[in-house]
Amino acid sequence: MQGWIESLGKTVSGVLSPHGPAAVATPASYTAGDFSIHFFLQLAIILLACRCVGWLGKKLLGQPQVVGEMIAGVVLGPSLLGLAFPDLQTMIFPKETKNVLYAGAQLGVGLYMFLVGTTLRLDHFRAKARSASMVSFAGIAAPFGAAVLITPALLTVPGLFAPHVSQANATLFLGACIALTAFPMLARIINERGLADSALGTLSLTAGAFDDACSWCVLAIVLATFGGGPGVAILAIGGGLLWALIVVVAGPRLFAPLARIVEREGEMNYAVLAVILAAFCLSAFLMDLVGIHAIFGGFIIGAVMPRGLLTIEIKRKVEPLAVVLLLPMFFTYSGLNTRMDMVNSIPLLLIALGILVVSILAKGGACYLAARLSGEDNRTALGIGALMNSRGLMELIIINIGLQKGIIGPTLFAMLVLMAIVTTVMATPLFELFYGRKGRQSGELVALDGTLARVA
């Protein structure tokens, strides 16, 4: 009996250990069953952490759920859980299982951006095309101008950029980081704040999408000089534009018969849903393949979906699973690659503060001025500037790529993580101060307990 108990204890204690044969430099490898066990445990912990931190963020700081989920991802990574309980963090999130989590993260954020695309008001876009183009241009030009000014000084600090990185590449990369608007974060904040059907929401989303696409294209150019060759940049920019053109021109006609079927039957059947999800996956695949990002493939497919009962049914059937179950994996995956303990001296803290201030002025300030010059009133321009300054975990994605490709060092990585978190946390309070509260009082915006906010 005692032997059975000892055997059971040994089995239970090793349930999270790899059970496969020995691999290179490891005594054992992970089997398919090991990946499955870890995945479900990770998902349960991610969901609980995101709900708890999101609830605390709402109650204590007035932050939307999405900001709590971003912070929860960092909490579960090496910055907090890994710092306090390194063995526990490694046991729950071993590096071998990150690829599985990455795939789920891509699906979650891609589906969410697909849903956001279905809410895009093209009439608002046409009405605000001039403002959106000016805000978008300012949101690109000013950050790259700021990068030109500060990069030479940063290159003199050891450990920020890799030794072999040229000033041109360092400038382009830093400019892309400052220019980023966290597209999925921006979209979720817009939905949670009741802006999905507003002209301001459409303007911000349109400008943010363009700025992010430009930043990814610049990143592709930088990566092309690191061994990929010019084909990397040509494929990313040319392939992305070609696919976007095909979807915009042919998409509405291809999806129109599906909309008629839904209207005739009064609901969406599984066959129609399968076709739509297959189209989403194909678009996400192609955007990922050319080197842009899957989220843009999802967004553009959603944007051309015929409005009406079709999009209502898509949201009803897809949104709860995407928002509650899949999207938190995106935040956690990025958080697992984030370290906050690298900025550990006064000079480095001052540099980090300088990067933060420059980023806020170059992005938020430039977008505010552009909105004013395009004819928007002061309150709307301030709201746009606050939203466009949010960078979130898209920033973490691009700087992770920079770290992995040897463009930046761990110290600059940590500084940019700090900038991403602070600018994202700032976005909602500043937007509410400048625009949101008065907008709800006047009836311009829906209440915060709208459908999307409840689901999120």
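In which helix is the place of Ser359? Select that residue to begin, keeping in mind that the model you have open is a predicted one, and you will see that Ser359 sits in helix 16. Ser359 counts as buried, because its relative accessibility is 0% and buried means under 20%. If you display its surroundings and set aside the neighbours within four places in sequence, you will find Ser359 in contact with Ile178, Gly364, Asn389, Arg391 and Met419.

Stay with helix 16, which covers residues 346-373, and select Leu349, which also belongs to that helix. Leu349 is partly exposed, with a relative accessible area of 42%.

Next, go to Gln42 in helix 2, which runs over residues 32-61. Gln42 is buried, with a relative accessible area of 1%, and beyond the residues up to four places away in sequence it touches Ile92, Phe93, Pro94, Thr97 and Leu101. Select Met329 as well, and notice that Gln42 and Met329 are 9.0 Å apart in space from C-alpha to C-alpha, although 287 residues separate them in sequence.

Arg51 and Glu69 form a salt bridge, in which the closest N and O atoms are 3.6 Å apart. Of the two partners, Arg51 is partly exposed at 35% relative accessible area, whereas Glu69 is buried at 0%.

Now show helix 12 (residues 230-265) and helix 15 (residues 309-336), which pack at an angle of about 80° with their axes 8 Å apart. This angle makes helix 12 roughly perpendicular to helix 15. To see the contact itself, select Ala259, Val262 and Glu263 of helix 12 together with Leu309, Leu310 and Glu313 of helix 15.

Finish at Glu313, which is buried with a relative accessible area of 5%. Glu313 forms a salt bridge with Arg316, with the closest N and O atoms 2.9 Å apart, and its side chain also meets that of Lys317 in a salt bridge of 3.0 Å, N to O. Through these shared partners, Glu313, Arg316 and Lys317 are joined into one network. Lys317 and Glu313 are four residues apart in helix 15, and so about one helical turn separates them.

Methods
Residues numbered from 1 in each chain as written. Predicted model: local features only at pLDDT ≥ 70, side-chain atom pairs only at ≥ 80, totals over all residues. Heavy atoms only, no water. Helix = DSSP H or I, 4+ residues; strand = E, 2+ residues; numbered from the N terminus. Buried < 20%, exposed > 50% of the residue type's maximum accessible area, 1.4 Å probe, protein only. Axes fitted to C-alpha atoms, helices over the stretch in contact; angles between N-to-C directions. Parallel < 35°, antiparallel > 145°, perpendicular 65-115°, else oblique. Contact = heavy atoms within 4.5 Å. Salt bridge = Lys/Arg side-chain N within 4 Å of Asp/Glu carboxyl O.
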